[in-house]
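Trainee: Can we go through this structure together? I'd like to learn how to read it step by step.

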Amino acid sequence: MTLLSKFDDVHNRLNSLTGAGGRNPFDVVIESINSSTTGIIEGRETLLFGTNNYLGLSQLPAAIEAAREAANSFGVGTTGSRIANGTQSLHRQLERRIADHFGQRDCMVFSTGYQANLGMISTLAGKDDFLFLDGDSHASIYDAAKLGTAQVIRFRHNDPENLHRRLSRIQGEPGGRLVVVEGIYSMTGNVAPIKEFADVARECNAMLLVDEAHSFGVLGETGRGAAEAAGVLDQVDFIVGTFSKSFGTVGGYCVSNHPQLDYVRLQCRPYMFTASLPPEVIAATMATLQEIIDRPELRTQLMDNAARFHAGLNRIGLSTGPQVSPVIAAVLDEVPQAVALWNRLLDLGVYVNLSLPPATPDDRPLLRCSVMASHTAEQIDRAVDIFAEAARDCGLSLTPKD
Amino acid sequence: MLTADEISAVIVGKLLSNPKVPRDISGSSRIVEDLAFDSLAVMNFVMEIEDELDISIPLDRLADIRTIDDLATTIVALRTDS
């Protein structure tokens, strides 16, 4: 066993995916972007149904202009950490605007959404504390659990009763309790029952952190996510999110009413020991936040589109989760079947994400699709037709529902 | 309170209810190598055992667990601590 021999297994698994002439699903190159919904892949115009750009704001002209102006005024990088030389007026402005949007006391902006989870969770739950994670949590949450020193207990996915049982088992033991859930789960599109989780957390004297990465700009009356949709925004201790989905840029944040957030800044290593976001990203994010606030109809359009695509996939006989959300995953039985279908979809001009176990729940491969507010009804219907055609070409026996 | 051997037997019984698990497993079977479980399958299997025995096994304890008997010994230790 040498240092590098552990990669033999990765090599073999990758070969098994590409063996029959298939593409490397982890190396798709989008050669150019025509709009938020179409790009050029392998020289062909391709419908984009796998970009997480839910509101289509990555291409927002006002954000592009704001980025240009910020680069002109501040340069293209901060070359410093938030706690040293990397905080400019723009960073504080963005933090203020996000905190105000959530009606919370303060906000911390991180360089990525991954680091926001990594930093907040590992810093909040310390030695002698207990960290409770949903079983289907994102890798950033599991990595936070590894980086931190708390005792980590998993509960069954989206099951507040199971969380209650696990919190009850440690009743009377010293130490704080932090419960972490996601608003929308990134692989399946499942929405968490935040009210029920908030009730359990309050009853068991635990704090609640909700990761709204995939639900911000999507759920809730003003798009603030699953906690707002459930009417319990005021019962969540920490909301974490990302700029790389609805905001259309890159970065992460945490908002909270707890004044101790000021001191988290001085304890949180993934915040302290990395360079801050460059000015053009901060400026573009402020512009897309304004767009999200000013144009609530984007959210209505997104949910209408999600419902149309969800119904379309079900109509042609593909299985998806029961809930309509902008993440819609077609669930398949076997990996080779999913790989063939994914390749054929790309041949025919539809890009989606191929997600394989163990990154997926229940050991099933997924063709994970993300819908955008900017998709037209024609693009959605065309994508559904291509799904049906690709499934036929791959010899999948689907039973259409109409 | 159940002994480690009794807990091992409960775990083996639970595993055998999954048709994908080899039939010839015992307390000394290694969870990753002999059962061919990936990281997620290990965590999901531990969750089944937790609910069966009404105990929580912190994830960091799993690093030291190689065999079914190791898991049973850890459960006895956790019960003794609490």
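Mentor: Helices (H or I, at least four residues) and strands (E, at least two) are DSSP runs, numbered from the N terminus. This is a predicted model, where local features need pLDDT of at least 70, side-chain atom pairs count only at pLDDT 80 or more, and totals for chains, interfaces and linings use all residues. Residues are numbered from 1 along each chain as its sequence is written, while chains are lettered from A and ligands numbered from 1 in the order in which they are written.

Trainee: In what sense do strand 1 and strand 2 of chain A pair?

Mentor: A hairpin joins strand 1 of chain A to strand 2 of chain A through 4 residues. Over 2 bridges, strand 1 and strand 2 (residues 38–41) of chain A pair in a sense that is antiparallel.

Trainee: Which residue in the turn between strand 2 and strand 3 of chain A has a positive phi?

Mentor: Strand 2 and strand 3 of chain A run antiparallel, with 4 bridges joining them. G39(A) turns up again here, with T46(A) as its bridge partner in strand 3. These two strands form a hairpin with 2 residues between them, and the turn residue with a positive phi, about 55 degrees, is E42(A).

Trainee: Which strands of chain A stand at the edges of that sheet?

Mentor: The sheet is open, has 4 strands in the order 1-2-3-12 (chain A), and its pairing is mixed. Each edge strand has a single partner strand, so one side of each is left without a neighbour in the sheet; the edges are strand 1 (32–33) and strand 12 (350–351) of chain A.

Trainee: What is the bridge partner of L48(A) in strand 12 of chain A?

Mentor: Strand 3 (residues 44–48) of chain A runs parallel to strand 12 of chain A, and 2 bridges join them. For L48(A), the partner in strand 12 is Y351(A).

Trainee: Which strand of chain A gives the most to the side of domain 1 that touches domain 2?

Mentor: The domain assignment (bounds from an automatic or database source) gives chain A domain 1 (7–58 + 296–393) and domain 2 (60–294). In contact (C-beta atoms, placed from the backbone, within 7 Å) are 21 residues of domain 1 and 24 residues of domain 2 of chain A. On the domain 1 side, two or more residues each come from helix 12 (297–315), strand 11 (327–331) and strand 14 (366–370) of chain A. The top giver, with 3 residues, is strand 11 of chain A.

Trainee: What radius of gyration does chain B have?

Mentor: Chain B has 3 helices and 0 strands, in the pattern α-α-α along the sequence. The radius is taken over C-alpha atoms, and the globule rule is 2.2 Å times the number of residues to the power 0.38. With 82 residues, a compact globule would come out near 12 Å, which agrees with the value for chain B, 12 Å.

Trainee: Which element of chain B has the lowest mean pLDDT?

Mentor: pLDDT is the predictor's confidence in each residue, from 0 to 100. Chain B has a mean of 89, and 99% of its residues reach 70 or more. Among its elements, helix 1 (residues 4–16) of chain B has the highest mean (92), and the lowest (90) belongs to helix 2 (residues 39–53) of chain B.

Conventions:
Two strands pair if DSSP finds at least two bridges between them. Two residues are in contact if their C-beta atoms, placed from the backbone, lie within 7 Å.
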